[in-house]
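Welcome, and thank you for taking a look at this structure. Please keep the sequence and the 3D view open while you read, and pick out each residue as it comes up.

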Amino acid sequence: MIEVLAPLPVLLPLLGAAGALLVSGHPTYQRTLSTVVLAVVLAVSVTLLFLADGEGASAVSVGGWPVPLGIVLVVDRLSALMLVVASTVALGVLVFAVGQGAADGSEETPLSIFHPTFLVLVAGVGNAFLAGDLFNLYVGFEILLMASYVLLTLGGTAARIRGGVTYVIVSLTSSLVFLAGIGLVYAATGTVNMAQLAVRLGELPEGTQVLLQSMLLIAFGIKAAVFPLSAWLPDSYPTAPAPVTAVFAGLLTKVGVYAIIRTQTLLFPGGALDDVLMWAALATMLVGILGAVAQSDLRRMLSFTLVSHIGYMVFGIALGTAAGLAGAVFYVAHHIAIQTTLFLVAGLVERQGGTTSVNRLGGLARRSPLLAVLFFVPAMNLAGIPPLSGFIGKLGLLQAGVADGSPAALTLVAGGVVTSLLTLLAVARVWTRAFWRSPNQSPADDTAAAAAADAGPQRAGGADGADDDGAAPSGDRPRTALQDAWRRHTAVATASEPDLPPAAGAVRALRPLPRTMVGATAALVALTVALTGLAGPLYGLADRASVDLVERTPYVASVLDEGDG
Amino acid sequence: MTPTIVLPVMIGGLYAAGVYLLLDRSLTRVLLGFVLLGNATNLLVLSAGGPSGLAPILGYGDPEGFNDPLPQALILTAIVITFGVSAFVLAIIHRSWRLARNEAVGTDEEDRRVAARRATDADELDPDDLDPQDRAAGHADSLAADPEDLADDVDVPAGSGTR
């Protein structure tokens, strides 16, 4: 059963992408095709999770080559759980994007490109989760990165190119570090199969082990946005279209976290770099959340909280105990869902209010109570208010930290509490400003044009974009078209729609929100709430997964037995 | 197996030149740097395959007479990936040039704005000195209208003006 199902999360989206390219002239077919493909992938992933939970880890060699030589896909509890969560949010985001595309025509998401690329992205994520050898993991990363480059620069507006350049260059560098790490691992051990590596790496001298471990950690740390390597993320994510940012925030960094979990537990169980990871986790949490508090743009604020909460997962990994890993696994699942949802809500806020700058927004709670609820519940969940799943995840991690009892772990427990409180502060600021204050207090509506003229060259897209052509000539200095283009090129990252036709923002603010988009977001919000209800079974699953991770034998045995058979 | 000095020197040189170019603001140089780094990495993986100069697989024979074919297969994949990504970066450079006649990496203005905020108490700031974006939301000055006119029809709660 697993032999048939395991390759499907990779194969189906790739075939679907090819199909979506073939029918690129018919948006309706394309939408139906990609939605059906992702729904099937979700069903397959759920089945895999049940099988893996029942039977334990199992390996499938692809293409008929025996195990140490051929490519092997491994389904264990961790990878199956990641697959389920990833395909769920991917489906939700796709429905949201379909709704957005239907509402906007092809203005926001060039449909013929979006769907195939999105499916390739899902295939890359699936491949990274299932990969049983380091090089296949690298290929999975490259597939999803290549798709993400295209998605991030979709439409090729100046702001997106600007943000995209940072992202592409940083990702390329991390891929090269990863590839060099693979080369060194191969030179040292003569294999890239992770199960064999788990056996052979332990026989190496300690210094070599630490070198290999740190190279892989640096490569994955860049992808997961762990602190000293996280500066690229808040710079590049906010410029992309809302569904793209949402799926990036949910999945891409978590693939990095998954890779860290896998390599730390399976390949380098000695925990030689656990102390480094501890302090990196602390710095990630605190620096990230302090950045979030300083932001006045909703999407940038969310990007910083994304960085900050990666720290919790790294904390769980650094503890290295089964309890810590269980907390980290649960937190990854929770955070994928929650962060995706919040970015989708940010997309809705942008449609409703015409901007994501909290200084300009106001009165959203009165204008759209549903939107307010959709923001409030996941925001409280992110901050970790009981009884929501964010609280359960944080509690599990903090308990694991206290149980560890070392001074570093206790410092991190304190840091985790502070981060949680500061997250509450950051989302509460957005709530009071964008949603709660009376709309009259905000210049978002009638006075937007005046404010935009006032803001002059600093103005930042959205509603004030309505005054684009009106304000420029009356500015303090005449601008040539070239200078104007350059100014737009370096425009602030918050200018997500700088090239919209004038008045689009203003018109949009009055339109009701498309039902499909709200429906998709509401479904994901319901999912995050359901995670609270299902926390018991889910945490149990995370526990069992982390016991497997700490023991290592189920994974290794499944792969090497496959080789014997 | 005799150790060779040529490969390590070349790998080191390529890495050094690649990193130097990668740190430039001009995107074309960044791309060139990336290509150099990619080649350096490929050579690194190649040197993991054993002594240089032997064919990977040549007919049937003693395995001692072959080089390890796996690193070469890995490099082949990596070269294809590098090629695709380089093409994409070129496309970005072209687009950047078309948009702005400039292909240097720009400054992040939003970062600058956040960084330029003073560490002073918010109460001591004169909102008129601030960028309109940074003015407190409910502040009359941010409405770009005469505060006297607004006083009648806007219900400003106490305290919001000083935020």
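Let us begin with a charged pair: Arg262(A) and Asp76(A) join their side chains in a salt bridge, 2.9 Å from N to O. A salt bridge here is a side-chain nitrogen of Lys or Arg within 4 Å of a carboxyl oxygen of Asp or Glu. Arg262(A) belongs to helix 11 (residues 242-267) of chain A, while Asp76(A) is in the loop between strand 2 (71-75) and helix 4 (77-104) of chain A, so the pair ties together parts that are 186 residues apart in sequence. Helices (H or I, at least four residues) and strands (E, at least two) are DSSP runs, numbered from the N terminus. Both Arg262(A) and Asp76(A) are buried. Buried means under 20% relative accessible area, exposed means over 50%, and partly exposed is in between, using a 1.4 Å probe and protein chains only.

Before going further, a word on the model: it is predicted, local features need pLDDT of at least 70, side-chain atom pairs count only at pLDDT 80 or more, and totals for chains, interfaces and linings use all residues. Residues are numbered from 1 along each chain as its sequence is written, chains are lettered from A and ligands numbered from 1 in the order in which they are written, and side-chain values use heavy atoms, with hydrogens and water left out.

Over all chains, the count of salt bridges comes to seven. Another of them joins Asp548(A) and Arg77(A), whose closest N and O atoms are 2.7 Å apart. Asp548(A) lies in helix 24 (residues 535-551) of chain A and Arg77(A) in helix 4 of chain A, so this pair ties together parts that are 471 residues apart in sequence. Asp548(A) and Arg77(A) are both buried. They also belong to a network of salt bridges that links Asp53(A), Arg77(A), Arg544(A) and Asp548(A).

Asp235(A) and Arg162(A) form a salt bridge too, with their closest N and O atoms 3.3 Å apart. This pair links distant parts of the chain, 73 residues apart: Asp235(A) is in helix 10 (residues 232-236) of chain A, and Arg162(A) is in helix 7 (residues 158-189) of chain A. Asp235(A) counts as buried at 13% relative accessibility, and Arg162(A) is buried at 6%.

Which buried residue has no salt bridge? Asp274(A) is buried yet has none, and the nearest side chain of opposite charge, Arg552(A), is 13 Å away. For such charges, Lys and Arg count as positive and Asp and Glu as negative, while His and the chain ends are not counted. Asp274(A) lies in helix 12 (residues 274-294) of chain A. Leaving aside residues up to four places away in sequence, Asp274(A) touches Gln264(A), Ala318(A) and Leu319(A), where contact means heavy atoms within 4.5 Å.

**Aromatic rings**

The structure holds 20 aromatic pairs over all chains. Rings of Phe, Tyr and Trp (its six-membered ring) pair if their centres lie within 6.5 Å; planes under 30 degrees apart count as stacked, over 60 as edge-to-face and the rest as tilted. Here are two of the pairs.

| Pair | Ring centres | Plane angle | Type |
|---|---|---|---|
| Phe114(A) and Phe118(A) | 5.5 Å | 25 degrees | stacked |
| Phe135(A) and Tyr138(A) | 5.4 Å | 40 degrees | tilted |

Phe114(A) and Phe118(A) sit four residues apart, about one turn, in helix 5 (residues 111-130) of chain A. Phe114(A) counts as buried at 1% relative accessibility, as does Phe118(A) at 0%. Phe135(A) and Tyr138(A) are three residues apart in helix 6 (residues 134-152) of chain A, which is about one helical turn, and both are buried.

One aromatic cluster is formed by Tyr149(A), Tyr167(A), Trp232(A), Tyr237(A), Phe248(A) and Phe88(B). Rings meet charges as well: the charged end of Lys223(A) sits over the ring of Phe141(A), 4.6 Å from its centre, and that of Lys394(A) sits over the ring of Tyr312(A), 5.2 Å from its centre. A charge sits over a ring if NZ of Lys or CZ of Arg is within 6 Å of the ring centre and within 35 degrees of the ring normal.

**Chain A as a whole**

Chain A has 25 helices and two strands. Of its 565 residues, 65% are buried.
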